[in-house]
Amino acid sequence: MTDMTSNTPSRSQSQSAADEGAGREEKRLGFALTLPAQLLVLFIALFPILMQVYISLTDWSPLDGIPWYRAYELWIGLTNYVDLAGDPRFWSAIWRTLIVMLICVPVQFLLGLGLAILFVDEFPGRRAMYSTILVPMMVVPAVAGYMFFMLFQSGGPINGILSFLLGSSVQIAWLSDPDLALLGVIISDIWQWTPLMFLILLAGMLSVPQDQQMAAVLLGAGWWRRFFTIVLPRMKTIIVIAIAIRVIENFKVFDNFYIITGGGPGVATETISIYIYKVTQNDLIWGYVAAIALAILIVLSIVSGMAISRMRKG
Amino acid sequence: MTEIVLENLGKKFGEFTALNGMNLTIANGEFVALLGPSGCGKSTTMNMIAGMLDPTEGEIRFSGKKMNGVPMGRRGVGFVFQNYAIFTHMTVRENLAYGLKAQGESASQTKRRVDDIAELLQLTDLLDRKAAGLSVNILQRLAIGRSAVVEPSIFLLDEPLSNVDAAFRSVMRSELKALQRQFKQTMVYVTHDQLEAMTMADRIAVMDHGKLLQVGTPLEVYNNPVDTFVARFIGAPGMNLLKGHVGSADGAASVDLGATGRTKVVDAKSKGDVIFGFRPEEVKPDPKGELHMAVTMVEHIGARTILHLMEGQHEAKAVLPAGSDVPNQGDIFHFNVPGTAVRLFDATTERAL
């Protein structure tokens, strides 16, 4: 972050060294003042996680009639984690989630970046177009789910348009074909979340100092050179943030997927959160659910941890 | 190395005229300062020379070649931005090499030329440092080096010292002047600071409200301002301008300054209402002086003292050298202005007579 602001010349750094003593004192006071709020936040975040760890080590289920705090009576140690490691449905759900993520995030990134490049300069109608592009993001995911559910029906508009373009009747069973259903949900995710990527990347692109770009032009750099040596490197932090947000969100994607396909046909679109939902609601083995959720939390924490450390460095 | 000719240059932004009918020839290797208050059109002029803006009127020529419409990357212009626009995400070396790489110079040539310019600007030890966090005088050298390495024929500098604190500015000024002597390029320097223009430039072009008012060496502009604006703008404090009336008394031309007094002038070219101008430094205290004004404030600034004077509608300043007798606030200060120091301006057009 410092990189972005340090463009204004500073006379020397000895000034900041002199301030350090006073700064440390100030930091301590700041910490003391925010401590109560920090403890509250810590409690809100920490309590469910500790509870989750606790439940995940038992065979507890809400149907057993035992309150959760006495779940230790059903203690099974690491059995849930051992089961998880050998659960083919869990691994295929993870694998499917990764596929969705590995397709959605790069596509959303490239589309978002392309749109940002188009929108970075003023043109007539820019504001109106800009607002229009952001609309999908504001649609409730469940509603977007229903929309795509209807669009992808065999007699729905997508087949209708394809029929019109190809001149013969197209009857593709988008959502009931195990090979195509995943494509359907991926398209819905791209439609809904490319605008967010666009929004973040455009903000980042607009914050690239204009005079640096001018300086590059005056030194004879063409558009591509300028883009790859000035614009992209200066957007590094914001790109990491945008991608991290989408990676995490894609891991948790649920509502529109659940509405479009319900994870089906069979398990063809069953991502990890849909799998968790099914185990929670249908199988009611909450100890096991806690173990799955914790495993995912750890993975996502590592992802965001890497993103944050990248930001610090940037 | 290039001669720059601006011919009848003009720029309009919609209804607003930023620059109007500018004619200026900048000789090869000359250091010209465009001086004026903000909004006077100096930056607009510079941006048009660089090619960042297209003129709506007139022509720009570099050594006889018309530049209107030539994209800025192909004009051979080095530009030093107000905040230097250093690529802070790169090292010093990458900054210096940027233009050479963009122009397709070979890796070995690039390295050689970067090393040479770094040597010249004493940046060799810093080559592999990140440009972020370098001190401002190094940033200035780097900005100049980055432009100079591609050997532009023209250097444009846009208020490069405005972010620098006053104490450091004189160091930077002399460094900049030394660099210009080294590179011998044609330099155009935009500033609103008359001291910068006076100390560095070969010639100063004073501008106001989109018009070029006067071009000349620092001393010409200082000694013979073409109008009251230039008179007031150049010098710190600027020239004193008092309303008066030229008539003849005792056979010699003299100016009647009302309550302030009446004083002889060397050659009054016309009679009637005039603006009577004199530099505060030219005030000669004299108890029997022809002019007198009340002292409203006394500023002691070390080597010299500035008196703020007032009499009726007239306000003036006087600069007294160290060791003079300094009157107190409220005293009536008597003084003379030597006839040769007097500049007369037309009362209505405010132009020099």
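**Exercise 1. Work out how chain A meets chain B.**

Start with the count: 23 residues of chain A are in contact with 26 residues of chain B, where contact means that C-beta atoms, placed from the backbone, lie within 7 Å. Next, look for the elements on chain A's side: helix H9 (210–218) and helix H10 (223–234) of chain A each give two or more residues. H9(A) supplies the largest share, seven residues. Helices here are DSSP runs (H or I, at least four residues), strands likewise (E, at least two), numbered from the N terminus. Finally, sort chain A's side by class: 11 nonpolar, seven polar and five charged. Ala, Val, Leu, Ile, Met, Phe, Trp, Tyr, Cys and Pro count as nonpolar, Asp, Glu, Lys and Arg as charged, and the others, Gly among them, as polar.

A word on the ground rules: this is a predicted model, in which local features need pLDDT of at least 70 and side-chain atom pairs count only at pLDDT 80 or more, while totals for chains, interfaces and linings use all residues. Residues are numbered from 1 along each chain as its sequence is written, and chains are lettered from A and ligands numbered from 1 in the order in which they are written.

**Exercise 2. Decide how H13(A) and H14(A) are oriented.**

First, take the geometry: H13 (residues 272–283) and H14 (residues 286–313) of chain A pack at about 165°, with axes 9 Å apart. Axes are lines fitted to C-alpha atoms, for helices over the stretch in contact, and angles run from 0 to 180 degrees between N-to-C directions. The two helices are therefore roughly antiparallel, the word for angles over 145 degrees. Then list the partners: A:Ile272, A:Ile276, A:Val279 and A:Thr280 of H13(A) face residues of H14(A) including A:Trp286 and A:Tyr288. Nine of the contact residues are nonpolar, one is polar and none is charged.

Notes: Angles under 35 degrees count as roughly parallel, over 145 as roughly antiparallel, 65 to 115 as roughly perpendicular and the rest as oblique. Two residues are in contact if their C-beta atoms, placed from the backbone, lie within 7 Å.
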